[in-house]
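Visitor: I have a structure open and would like to walk through it with you. May I start with a loop and go on from there?

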Amino acid sequence: MFLLSELTAFLLDKNLIDAMPVIDKEVEIDRFASLAHPSPDALCWSKKILPIEQIPVAAVLVCLPQQPHNSDLSTVMLHVKEPRRAFGEIVSHFCPEEHKTGISEKAVIHPTVIIGKDVYVGPGTVIGEHCQIGDGTVIDANVTIYRRVTIGKNCHISSGAVIGADGHGYVLDGDKKYQKVRHMGNVVIGDNVDIGANSCVDRGVLDDTRIGDNTKIDNLVQVAHNVVIGENCMITGGCQIGGSCVIGNNSWLAPSCIVKNGTRVAKEVRICMNSVVIRNVKTSNVTLYGDPAKVIFSYSIDGESQL
């Protein structure tokens, strides 16, 4: 795939390593591999300092600056401050993902839909009337997008997602029978947003449900009516965000956490796995855990994790 000299030049150009390592001979890297399945032609990475005996037999190990070397191995050590970030940039540069474009003949798209440039819509996807799809957005197969949904530029909507269906809104009539409340709001999704497979984003009752730029939503997530999610949030698998919640910018919701309807969460807050938030979180830069969720320590999006 690429040579070690090409790799080091790339990392230097991106300021991911401080100095060029000593290279006795050119090495060809043919694959990426986990620490569990290394090979002499592979690039591996580790986010933690490995014991000497656990250093893999690989072409290259992208590792922390403090990582010691095993002199018995030929593995080339590339010391970087953020191995995970470096690995991500390496993959994106040397093995870029092909951007699909075009509209499948098996997609069902209302004639009033406005579609930008370089958009992909997969087979079996249905897009309702008066929707808008921004430039460069990819909508995989079997996605359902209801009426008047706006999706920004360079988004990725994975298969099975449902965007713009009515939320779970009902009232009791005079006979104590539940009657559906018609939802008149819409869904507005910003730029560079990902929505995972089989996730649901419900339309608002009156105000729009909104998802901010660069927010990433995992598979099997429920975003209820009137929710507002800020920019650059990470919403992981199985989360349930109740109606009319507000999630601040740069927040992280771990798998299967629940945020009670009407709750407001400040910016840059982390909610741990399986936690249940039932009260407003007014303070930024905190981590919550438990049922009901309570502050257990601080949090910073660019700081060291205490978990």
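Visitor: Which loop does proline 292 lie in?
Guide: This is a predicted model. In it, proline 292 lies in the loop between β35 (286–290) and β36.

Visitor: And what kind of peptide bond joins aspartate 291 and proline 292?
Guide: The bond joining aspartate 291 and proline 292 is cis, with omega at about 5 degrees.

Visitor: Where does β36 sit in its sheet, at an edge or inside?
Guide: The sheet is open and has 11 strands, in the order β7-β10-β13-β16-β21-β24-β27-β30-β33-β35-β36, and its pairing is mixed. Strand β36 (293–298) is an edge strand, as is β7 (102–103), and each of them pairs on one side only.

Visitor: How do β21 and β24 run, parallel or antiparallel?
Guide: Strands β21 (residues 194–195) and β24 (residues 216–217) run parallel and are joined by 2 bridges. Aspartate 194 stands opposite lysine 216 in β24. In general, strands of a sheet pair through backbone hydrogen bonds.

Visitor: Turning to cores, which residues have the most contacts inside the largest nonpolar one?
Guide: Those residues are Ile151, Ile163, Ile189, Ile195, Ile229 and Leu253, in a core of 46 residues. The elements that give two or more residues to this core are β20 (187–189), β33 and β35. Another core, of 18 residues, lies apart from it and includes Phe2, Phe10, Ile29 and Val76.

Visitor: What does isoleucine 229 touch?
Guide: Leaving aside residues up to four places away in sequence, isoleucine 229 touches Arg210, Ile211, Gly212, Thr215, Ile217, Val223, Ile241 and Ile247.

Visitor: New topic: how many disulfides are there in the whole structure?
Guide: A search of the whole structure finds 0 disulfides.

Visitor: Now helix α2: how many residues does it have, and what does it reach from first C-alpha to last?
Guide: Helix α2 (residues 83–94) has 12 residues and reaches 16 Å, close to the 16 Å expected at 1.5 Å a residue. Within α2, Pro83, Ala86 and Ile90 are buried. These three cover an arc of only 60 degrees around the axis, so they are on the same side of α2. Arg84 and Ser92 are exposed on the other side.

Visitor: What do the buried residues of α2 pack against?
Guide: They pack against β1 (2–3), α1 (4–13), β3 (31–32), β4 (42–45) and β5 (60–63).

Visitor: Last item: what is phi of histidine 130 near?
Guide: Phi of histidine 130 is near 60 degrees, a positive value in a residue other than glycine. Histidine 130 is in the loop between β11 (126–127) and β12 (132–133), and it is partly exposed at 38% relative accessibility.

Visitor: Where is asparagine 274, and what is its phi?
Guide: Asparagine 274 is in the loop between β33 (269–271) and β34 (276–277). Although asparagine 274 is not a glycine, it has a positive phi of about 65 degrees. At 49% relative accessibility, asparagine 274 counts as partly exposed.

Definitions and conventions
Residues numbered from 1 in each chain as written. Predicted model: local features only at pLDDT ≥ 70, side-chain atom pairs only at ≥ 80, totals over all residues. Heavy atoms only, no water. Helix = DSSP H or I, 4+ residues; strand = E, 2+ residues; numbered from the N terminus. Expected span 1.5 Å × (residues − 1). Buried < 20%, exposed > 50% of the residue type's maximum accessible area, 1.4 Å probe, protein only. Arc of directions from axis to C-beta. Contact = heavy atoms within 4.5 Å. Pairing = 2+ DSSP bridges. Disulfide = S-S within 2.5 Å. Core = buried A, V, L, I, M, F, W, Y, C linked by side-chain atoms within 4.5 Å.
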